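Please read it alongside the sequence and the three-dimensional view.

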Amino acid sequence: MTSPVVIIGTGLAGYNLAREFRKLDADTPLLLITADDGRSYSKPMLSTGFAKHKDADGLCMAEPGAMAEQLKAEIRTHTRISGIDPGHKRLWIGEEAVQYRDLVLALGAQTVQVPIEGDGAEQVFPINDLEDYARFRAAAAGKRRVLLLGAGLIGCEFANDLTLGGYQCDVVAPCEQVMPTLLHPAAAKAVQAGLEALGVRFHLGPVLTRLQRSGDGLEAHLSDGRTIACDLVVSAVGLRPRTELAAAAGLQVNRGVVVDRQLRTSHANIFALGDCAEVEGINLLYVMPLMACARALAQTLVGNPAGVNYGPMPVTVKTPACPLVVSPAPMGREGTWQVEGQGSDLKVLCYSADGQLLGYALTGSAVLEKLALNRQLPPLMA
């Protein structure tokens, strides 16, 4: 019997790869293994659920049984891999050995955990998948005050969404501006102002040091001495690619699982894509690069080796209080920033010394110019 192509993970990366693979190969056995419940959903939608009044079931696009039928695949849910044996092309689920023809790691990224003192620490919720979202919604029922840890892209999206959903949001982060690794200060100021106009309160600079129960709620103590009353806490301090399984199998890892342009790891029959993968030194935790990788890898898996290319990869941030699209400059390319516009409608452009557009941040009505600007951008990885 032919050994299956095995995909570990049923998030956007795993399911999209399976779809692309089945377009090209209807017959090779396909096995997907996931530690969660295997429901198909779009992770970016987790930070739009409250404004849309959607619970976890409302965000679910298909149950695993329907996905198995659609993909002509076996899907094993709530299943953890205990090890990979690359030399014998097999993996272990407890004592059970599973042979594979090719193995794909679509493990995603896990939330960064920050240690918090106090008896309220169990009221801190990361929201990284559909099951996390369901737990948080259950905890948030009947509550009104949410403290968000982190002012990055995810923290700002949740602040916008929860405020639209009727919650009072305070954002605490040890930085001078929102989205510090992604945005020019002018664009960051416009986004923060938009969220503040919606009612979001920012506390930038301090960190949360202690979380104490106080009556029916919580008391958050900050490092600058301030105290914030809240009912529950969302942790959005960052994501870290899941590399432990690959490292234990002897595969090369850096920030992510190291892969070449064909998404091949340091072992010939093992591949990686999505948030867990580092492609030629680039680790992008966004949907567009993931889709490009799924299309390329599907070709490679059916015997047509294809290297992935990254064109411009603009990121649309879901902050309707101040619409935002960002296209960071390619790694290693230095440029000079120019700010055009005023108020919430800014066009912040990065130019090289010879006048080439390298990247941009567009806020407010300026987001309408993204398509024209995209045509001027260099590829992130040609």
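Predicted model: local features only at pLDDT ≥ 70, side-chain atom pairs only at ≥ 80, totals over all residues.

The text that follows takes up the sheets, then a helix and a hairpin, and then the salt bridges and the cysteines.

Five strands, in the order S3-S2-S1-S7-S19, make up an open sheet in which the pairing is parallel. Its edges are formed by strand S3 (74-76) and strand S19 (270-272), each of which pairs on one side only. From one strand to the next, the twist of this sheet averages 20 degrees. Within the sheet, strand S1 (residues 5-8) runs parallel to strand S7 (residues 102-105), and 4 bridges join the two; Ile 7 has Val 104 in S7 as its bridge partner.

Another open sheet of 5 strands, again with parallel pairing, has the order S9-S16-S10-S11-S12. Here the edge positions belong to S9 and to strand S12 (201-204), each of them pairing on one side only, and the twist averages 25 degrees from one strand to the next. Strand S10 (residues 145-149) and strand S16 (residues 232-235) are paired in the parallel sense through 4 bridges, with Leu 149 standing opposite Ser 235 in S16.

## Helix H1 and its surroundings

Helix H1 (residues 12-24) lies across S1, strand S2 (30-33), S3 and S7, and it runs at about 175 degrees to S2. Its 13 residues reach 19 Å from the first C-alpha to the last, which is close to the 18 Å expected at 1.5 Å a residue. How much of H1 is covered? The helix is mostly covered, since 10 of its 13 residues are buried; among them are Leu 12, Tyr 15, Leu 17 and Phe 21, and the buried set also includes Asn 16, Glu 20 and Arg 22. The buried residues of H1 pack against S1, S2, S3 and S7, and also against helix H3 (64-71) and helix H8 (287-301).

## An antiparallel hairpin

Strand S23 (residues 336-342) and strand S24 (residues 345-351) run antiparallel and are joined by 7 bridges. One of the bridge pairs is formed by Glu 340 and its partner in S24, Lys 347. The hairpin has 2 residues between these strands, and Gly 343 takes a positive phi near 60 degrees in it.

## Salt bridges

Side chains of opposite charge can pair when their charged atoms come close.

| Residue | Partner | Distance, N to O |
|---|---|---|
| Asp 85 | Arg 90 | 2.8 Å |
| Arg 210 | Glu 117 | 3.0 Å |
| Arg 135 | Asp 132 | 2.6 Å |

The salt bridge between Arg 210 and Glu 117 links distant parts of the chain, with Arg 210 in strand S13 (residues 208-214) and Glu 117 in the loop between strand S8 (109-111) and strand S9 (124-126), 93 residues apart. Arg 210 has a relative accessibility of 33% and therefore counts as partly exposed.

Arg 135 and Asp 132 lie in helix H4 (residues 130-140), and because they are 3 residues apart there, about one helical turn separates them. Arg 135 is partly exposed, with a relative accessible area of 48%, while Asp 132 is buried, with a value of 12%.

Beyond these pairs, a network of salt bridges links Asp 37, Arg 39 and Asp 57.

## Cysteines

How many disulfides does the model contain? With a disulfide taken as a pair of cysteine sulfur atoms within 2.5 Å, the count comes to 0 disulfides. Cys 169 is in no disulfide, and the nearest cysteine sulfur, which belongs to Cys 230, is 11 Å away; at 1% relative accessibility, Cys 169 counts as buried. Cys 175 is likewise in no disulfide, its nearest cysteine sulfur being that of Cys 156 at 8.5 Å, and with a relative accessibility of 17% Cys 175 counts as buried.

Methods. Residues numbered from 1 in each chain as written. Heavy atoms only, no water. Pairing = 2+ DSSP bridges. Axes fitted to C-alpha atoms, helices over the stretch in contact; angles between N-to-C directions. Contact = heavy atoms within 4.5 Å. Salt bridge = Lys/Arg side-chain N within 4 Å of Asp/Glu carboxyl O. Buried < 20%, exposed > 50% of the residue type's maximum accessible area, 1.4 Å probe, protein only. Expected span 1.5 Å × (residues − 1).
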